[in-house]
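Subject: The structure, and what turned up in it

Hi,

Here is the structure I promised to pass on. Have a look at it first, and then read on for what I found.

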Amino acid sequence: MKTIQLLAKTILGLNLFFASFAFSQNTINTVNSGNWNDPMVWDCYCVPTSADNVVINSYHTVVITATASANDVLVYNYGGITFDESKELHVSGNMDLMGYFVASAGHVFLEGNLPQYIDGNGGVINFNDLTINNAGNHPVDFYYATYTLKGVFYPLNGGIALENYAGISFTFLSTSETENARIDQIGSSFSFSGDFTVER
């Protein structure tokens, strides 16, 4: 949505125009289940971009089958997002996950430049690979849920902060008895806040 205001003044016979532009992200809603990159899934008949807020409505499941992007992501109860193998979701805003979010076969990038959060609303959120790369060097807040990561965590810029709620946990899983949990090289300014479990 875009709003435009124009103001005209006359000073000494000169017409001066002042323009004020206000831009806000589009909000795009699902109308069907299906692949993220299928325009027929969305009420805009388009594919969401990093400038768009995305809403997954109840009883709709959206599958990440190719690289996908969004600003904010909201998943309502009984709605969900799943991933095909090795596919990517890039999020520059926040994630409110009241439904299910199963990224155990893909890669999630949290890469805004403002403060970001994920709220799992008491559910179970499964990640495979996860990158936090906040250009504004803000930590990403993780709210009440059980978070697990079975792939690689890439802590580049910003930080990861578990809010102090009963029932919240974040576990870096070991995928076998002989393989350690994996955390990649930690960025020089990256911070960890909260209690994490690293399986060995």
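Let me start with a strand pair. Strand β16 (residues 146-149) and strand β19 (residues 169-172) run parallel and are joined by four bridges. Strands here are DSSP runs of E with at least two residues, helices are runs of H or I with at least four, and both are numbered from the N terminus. Two strands count as paired if DSSP finds at least two bridges between them. L149 has F172 in β19 as its bridge partner.

The pairing carries on from there. β19 is also joined to strand β22 (residues 197-198) by two bridges, again in parallel, and F172 stands opposite V198 in β22.

Before the rest, a word on the model. It is a predicted one, in which local features need pLDDT of at least 70 and side-chain atom pairs count only at pLDDT 80 or more, while totals for chains, interfaces and linings use all residues. Residues are numbered from 1 along each chain as its sequence is written, and side-chain values use heavy atoms, with hydrogens and water left out.

Now the overall picture. The protein has 22 strands and zero helices. Taking contacts (heavy atoms within 4.5 Å) between residues at least 6 apart in sequence, 34% join residues at least 24 apart.

D119 is buried but has no salt bridge, and K150, the nearest side chain of opposite charge, is 23 Å away. A salt bridge here needs a side-chain nitrogen of Lys or Arg within 4 Å of a carboxyl oxygen of Asp or Glu; for charge, Lys and Arg count as positive and Asp and Glu as negative, with His and the chain ends not counted. Beyond its neighbours within four places in sequence, D119 is in contact with M95, D96, L97, Y143, Y144 and Y147.

Finally, the cysteines. The structure holds one disulfide, a term that covers cysteine sulfur atoms within 2.5 Å of each other. C44 is joined to C46, with an S to S distance of 2.0 Å. The torsion about their S-S bond is about -95°, so the disulfide is left-handed. C44 counts as partly exposed because its relative accessibility is 30%, and C46 is partly exposed at 28%.

Best wishes

Technical notes
Buried < 20%, exposed > 50% of the residue type's maximum accessible area, 1.4 Å probe, protein only.
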